[in-house]
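Take a walk through this protein with me. We start with confidence, then visit two spots along the chain.

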Amino acid sequence: MNTAVNDPAGDAVSHPVNTPVGDLVDDPAIRPVRRALRRDPYQLVRLGAWSVAEAAPALVVGLAVARAVDEGFAAGRPVTGFAWLALLGGAWLLAAAGARQVVLAVAAIVEPFREDLLGHVVDGALRRSTASGRGPGAAAVARANLQVELARDAFAAVVTVVRSFVFTVASVVLGLAALVPDVLALVLPPFAAGLGLFLLSLRALARRQRDFILADERTAEALTGMVGGLRDIAACRAEERVAADVGLRVAEQARAARVLARVTALRTVSLAVGGWLPALLVLAGTPWLLGRGAGPGVVLGALAYVTQSLAPALGDLVEGLGINGVRLKVALDRLLRDGAPPARAPGRSPARDGSAELRGVTFAYGPHAEPVIDRLDLSVPDGDHIAVVGPSGIGKSTLAALLSGVLRPDAGLVLVGGVPADRLDPADRVLIPQEAYVFRGTLLANLTYLAHAPREAVDGAVAAVGLTRLVARVGGYDAEIVPGLLSPAERQLVALARAYLAPARLVILDEATCHLDPAAEARAERAFAERGGTLLVVAHRLTSALRARRVLVMDGTSVRIGTHEEMLAASPLYADLAGRWNPSSTQELVP
C-alpha cells in the first residue's frame, strides 16, 4: 500500500522509575513524546537559544527596578532611573522576538510528532480494514484524527510551558543572586516545597483529571444519542428510562468533578506555598535585608522577581502539566491502543507474477446493502494493461480495493499471482488512490519508501513520470518537503514515482492521475505501461481507455471486457461515452 507507516511506540522499554513523576514519564504512551524530542537535536538547541531571549525580562526585571529606584529616582538622578527602565523595555522587545521564534521551533518539533501519530493511525486503520474485509469507518477515522489533533495541541502546550518554567526559574535565580544573594534563602526553600508538593500530587491529579475527561465524554455521547433519538423515544414512551440512563452519566460526571476538585485543592496549596509564600517572606524579611545593606529598591526588585516571574512560571507549570499533560496522555493512550493494528496472520506469500483473477466475487458495504460487485468473474494475465470505465459510484474503486487486498469479498475468491489478495506479500502490489499520500520528510525518503533504490533508478523514475521540475523546484532529493506546500498534482507525481520504483508486479492506479493535465497523465501511464508488469487504471478520462490494451466497462448491470473496438460494439455505455467524446477536450468519464 502507498501508506507511510511510522510506529511512535517503537522505543525500547526502559526501566520504571519509582516516583509519581517517573511513573507518568515512563508510561509507554509517553514514548512518542521522547521520540519527538530526540528526533532533531538542532531544533532543541534552537528552541533553547530563543528561550534565553524570551526569558530576558525574567532575568533583568528585578535588577532594573532595584537600580532604577536606588541609583536613579531615590538618588535624584531620574535619567539613570529611566535608563534602567529602558533596559527593561529593551528586554521585553527581545522577548517578543524570541517568543515568535519559540513558536516556530515548537512547531518544528510538534508537527513531525503529529505526522508520526497520523501515520500510525492510518496504518492501523488500513490493517484493521484488511483483517475485517471492510474499509475503515468514516466516524472512527474522524475520531482518531480528532485525537491526533488533541495530542498535537497538548504536546505543544506541554513543551511550551515546561521550557518556559525551566528558563524563567534559572533567570530568576541568576537575577536574585546578582541583586542580593541573601534573598535566595527566603525565596528558594518555599518555592522548592511548593514545586515538590505539586509533583507529589501530579499522579493523583492526572488520574482524577483523566476520569473527569472520560466521564465528560460519556455524558456528551449519552446526550447526543438522546437528542438524535427524541422522536423514537417519545414514540416508544421511553422517556423515563432514557432520562435515568442520561442522569446516571451526569451523576458519574458530577462525582468525578467533586473528586477532581478535592485533588485540585492540593494544586492550589502548592501554588500558595511555592508562588506567594516567598513574597510574604521577602516582605517579612525586609528589616533583615535592610540591615545587611540592601536598599528599598533591592526589596522591590526581589518582589518583582517573585511576583512577576517566579509565581507566574509555577502557575503556568501547574496548569500546563495538570491539564494539557493529562490530555496528552489520554489521547496517546487511545491512539496507541485503538490505532494498533491487529496481529497479522502468519504466512504472507509472494506472488508468482502480476496476474489477477476474481472468481464469483460478491461484495456489499453492509449485510443489508445491495452488492456493489455481484458474482464477478475476471481474469487479468500477467503484463496486461486494463482501463476500468464506468459512472461514479459503480464499484470501480471497490474493485481496486479488492484486488489490492484492502477489502475482502463477501463471497468468491480474489487471487493475485495465484495468492489470495488479503494474504499477499505487500511488496507484490501497489495501490495509488486519488488522494496521494506524501509525508513530511526528504523527497528521497518519499520516493524510496517502498524500495531501497539506487540514485540511478530514482533518476529514471523521476524522468519517466515527469517529476524533474518538482525536484529542481524544491532543491533536490535531500530537500525536506511539507505536504501542505505541494499541489495535489505534485503529490500525485511523487506517489507515482514511488510506485514506479516499487518491485510490485501489479500496479493499480485508482484515479491516481486525476489532478494531472492530459499530457502529464498520458506520460505517467505510458511510463507504467513500459515499466513491465500488470497495470490496472481506474480511468478518469477516456484517453486512458484508448491507451490500454483492454477496457473493462462497469455499467451497473453487467461487466464487459475487451478492446476499445469490441467495447464500442458490445457496451452501449462505452459507445455513448466515446460517441460524445471530443479528442480536443479534457472531458472526464464522470458526468
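pLDDT is the predictor's confidence in each residue, on a scale from 0 to 100. The protein's average pLDDT is 82, and 86% of the residues score at least 70. This is a predicted model, in which local features need pLDDT of at least 70 and side-chain atom pairs count only at pLDDT 80 or more, while totals for chains, interfaces and linings use all residues. Residues are numbered from 1 along each chain as its sequence is written, and side-chain values use heavy atoms, without hydrogens and water.

Helix 14 (residues 455-465) has the highest mean, 93, and helix 1 (residues 20-25) the lowest, 46. Helices here are DSSP runs of H or I, at least four residues long, numbered from the N terminus. Over residues 1-25 the pLDDT stays under 50, and the model gives them 57 contacts beyond four places in sequence. Residues 581-591 are also below 50, with 19 contacts beyond near neighbours in sequence. A contact means heavy atoms within 4.5 Å.

Now go to helix 9 (residues 239-284), where Leu277 lies. Buried means under 20% relative accessible area, exposed means over 50%, and partly exposed is in between (1.4 Å probe, protein chains only).

Last stop: Pro454. This residue sits in the loop between helix 13 (443-447) and helix 14. Pro454 is partly exposed, because its relative accessible area is 48%. Pro454 and Leu501 are 47 residues apart in sequence, yet 9.9 Å apart in space, C-alpha to C-alpha.

How values were computed
Helices (H or I, at least four residues) and strands (E, at least two) are DSSP runs, numbered from the N terminus.
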